[in-house]
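I opened this model to look up how its chains are built and where they meet. My notes follow in the order in which I took them.

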Amino acid sequence: MSGRWRALLRSGGFLTGVLIIVFWTACALFGRLVAPFDPFADDILSALRPPSAAHWFGTDQLGRDVLSRVMVGSRDVLTVAPLATGLGLVLGVLLGLLAGYFRGVVDELISRTIDAVLALPLVIIALLALTAIGPSTATVILVVGVIFAPLIARTVRAAVLSERDLDYVAAARLRNESTLWILFSEILPNVAPPILVEATVRLGYAVFAVATLSFIGFGIQPPSPDWGLAVSESYGLINGGIWWPALFNTLAISSLVIAVNLAADGIHRALNA
Amino acid sequence: MGVGALIARRAALAVATLWLLSVLVFAAGQLLPGDVGRAILGPLADARSVANLDHQLGLDRPLAVRYWDWVSHFVAGDMSRSYAYRAPVAPFIVSALAASVKLGAVAFVLTVPVSLAAGVWAALHAGRAADRVITVIGTWAASLPEFATGIVLILVFGVWLKVLPVSAVWPAGAGIATQLYHLVLPSLPLTLVLFGYLARMMRAGTLEALAADYTRTAVLKGLTPRVVLWRHVLRNALLPAITVTATQTGYLLGGLVVVETLFRYPGIGSLIYAAARDKDFPMLEAGVLTVGVIFIVTGLLADLLYALLNPRIRLGASA
């Protein structure tokens, strides 16, 4: 195991990904202290100024400094995406353990519901749910987490299926251990590696999904400096030649998505090596 | 199990999934919002007008009745009336779907040959520079949100180079060439995502086929490399790629919401988006369910195609 983690630390892709994530996390935490301007201060008289020595990334339609907003724009997505992934992980592991261990009717019921949820693209089912309960930071976490649950459950179920008939499970049953004990103390630790891989991959999708939902106006709400939201507020200006608010926020969100994927890919390789 | 039984079982599963999907969509559209009349009229409307609207929309009936009414009409092609347009939903869905199919078809035609070729090329040069470049582009392209790639593409090709029109809407009465010209830029973000998945699957499939015993046999019995590649390697490598292509159709439908919004293209994606924005639940439910039906049906077709193309399943049936 330690050899695998050492290989992970030598992998350039993984390290690059982690570095970018650490950079944006630091920006989320301390960005306001180092930002050249107040990210929330309107200055309507200097709205939509192109990049200059004073405003490196220009100003947006309310005259706010784009650089300062990009620096703190990771705050919401870096809270919402991990929380949604965590929620999906808890629900998914629970469903997957039950479906894989009990088989039969329980499995059939859970698996068919999973198929039905998976029959819709994530963005569309999230759009439906968020329209119904109203978009907010909390509901985005809830909806993305609940949609992730079946996806994670599918992976966990497959892993449990290959474990449930092994001798150590039979031994635990003969020792008269409770089903809960067998599920969580015997099987769960043995299916941890695929769950870890799934969780990191899911985190990448969560960033993607939250950014996309914010872009279509059903994710993080104004006046947050969130990148997806900022792109949604400014992409209509591109045709008029005002490219800076949309472009810099697009590049920021792209760097985060790629970073999470690089890190997830590294972990995937390390665990499957 | 014979092919007939296999198809019957697969079709039965698809029907069960469809039914569950309809329950989920109905629950999301009808139960989650709580009081639909209140949601439409807003917090300031008085209780009597809310009750009145609920009655007009048939929302004061028992849930089971409402579900049956909704689903039986949907199956008959009559998808209830839009709250926003006060008109039947079905014609909107049909014309939006036709527009989306056009956009999706352009994306597919651009993607499939290029990604299959890139996947095979990467596998034949595994570990070398060409392989690494294709793999890295594929991974990045598949992981970036469509709105991000879309905005960069609009900026580069539409605004700075001015070689492609940024609007997906062509002038009325435009010929097919003009229409295609306008569809290139909107289809590119979808193309990039599809390229990532498809090239990766094709590469993996080709590598697997190259390492298989039947390929070694073919080489050892003296077939030319060209025949080995086309008859033995590619035929087998294409199977998983076909399945992925079909799964990605569903993905494409999700991407359409973003791309059609970004390019203001009047397809099913922007219809669903507009319905969500206006809280037009009948339109939203019909649109979402339509997308689900398309996804499930393409999944079913892909499995059938796979069964027909895979000699292990096809011949296993008659044996």
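**Entry 1: chain B as a whole.** I began with chain B, where I counted 13 helices and zero strands. Reading along the sequence, I wrote down α-α-α-α-α-α-α-α-α-α-α-α-α. I kept in mind that this is a predicted model. The C-alpha atoms of chain B fill a box of roughly 85 × 60 × 35 Å along the principal axes. Chain B has 319 residues, and 38% of them count as buried. I then took the contacts in chain B with a separation of 6 or more, and found that 68% of them join residues 24 or more positions apart.

**Entry 2: helix 7 of chain B.** How far apart are the end C-alpha atoms of helix 7 of chain B? I found 20 Å; the helix has 15 residues and should span 21 Å at 1.5 Å a residue, so the two values agree. I also noted a bend of about 30° at Ile154(B). Ile154(B) is on the list of buried residues of this helix, together with Glu146(B), Phe147(B), Ala148(B), Thr149(B), Gly150(B), Ile151(B) and Leu153(B). Just after the helix, Lys162(B) has a positive phi of about 55°.

**Entry 3: Glu285(B).** I looked up Glu285(B) next and placed it in helix 12 of chain B.

**Entry 4: chain A as a whole.** For chain A I counted 12 helices and zero strands. From the N terminus on, I wrote α-α-α-α-α-α-α-α-α-α-α-α. The C-alpha trace of chain A spans about 75 × 45 × 30 Å along its principal axes. Chain A has 273 residues, of which buried residues make up 51%. Among contacts in chain A with a separation of 6 or more, residues 24 or more positions apart account for 71%.

**Entry 5: helix 7 of chain A.** This helix covers residues 137-161, which is 25 residues. I found 36 Å from its first C-alpha to its last, close to the 36 Å expected at 1.5 Å a residue. It bends by about 30° at Ala149(A), and a proline, Pro150(A), follows within four residues.

**Entry 6: where the chains touch.** How many residues does each chain bring to the contact? I counted 41 residues from chain B and 38 residues from chain A. On the side of chain B, helices 1, 6, 7, 10, 11 and 12 each supply at least two residues. I sorted the residues of this side into 32 nonpolar, eight polar and one charged.

**Entry 7: the nonpolar core.** Last, I looked up the largest nonpolar core, which has 165 residues. Those with the most contacts inside it are Ala126(A), Val144(A), Val207(A), Val210(A) and Ile272(B). Helix 12 of chain A (residues 244-272) gives the largest share of this core, 16 residues. I followed up Ala126(A): leaving aside neighbours within four places in sequence, it is in contact with Val143(A), Val144(A), Ile147(A), Ala209(A) and Leu213(A).

Notes
Residues numbered from 1 in each chain as written. Chains lettered and ligands numbered in written order. Predicted model: local features only at pLDDT ≥ 70, side-chain atom pairs only at ≥ 80, totals over all residues. Core = buried A, V, L, I, M, F, W, Y, C linked by C-beta atoms within 7 Å. Buried ≥ 20, exposed ≤ 12 C-beta atoms within 10 Å, placed from the backbone. Contact = placed C-beta atoms within 7 Å. Nonpolar A, V, L, I, M, F, W, Y, C, P; charged D, E, K, R; others polar. Expected span 1.5 Å × (residues − 1). Bend = angle between axes of the 7 residues up to and from the residue.
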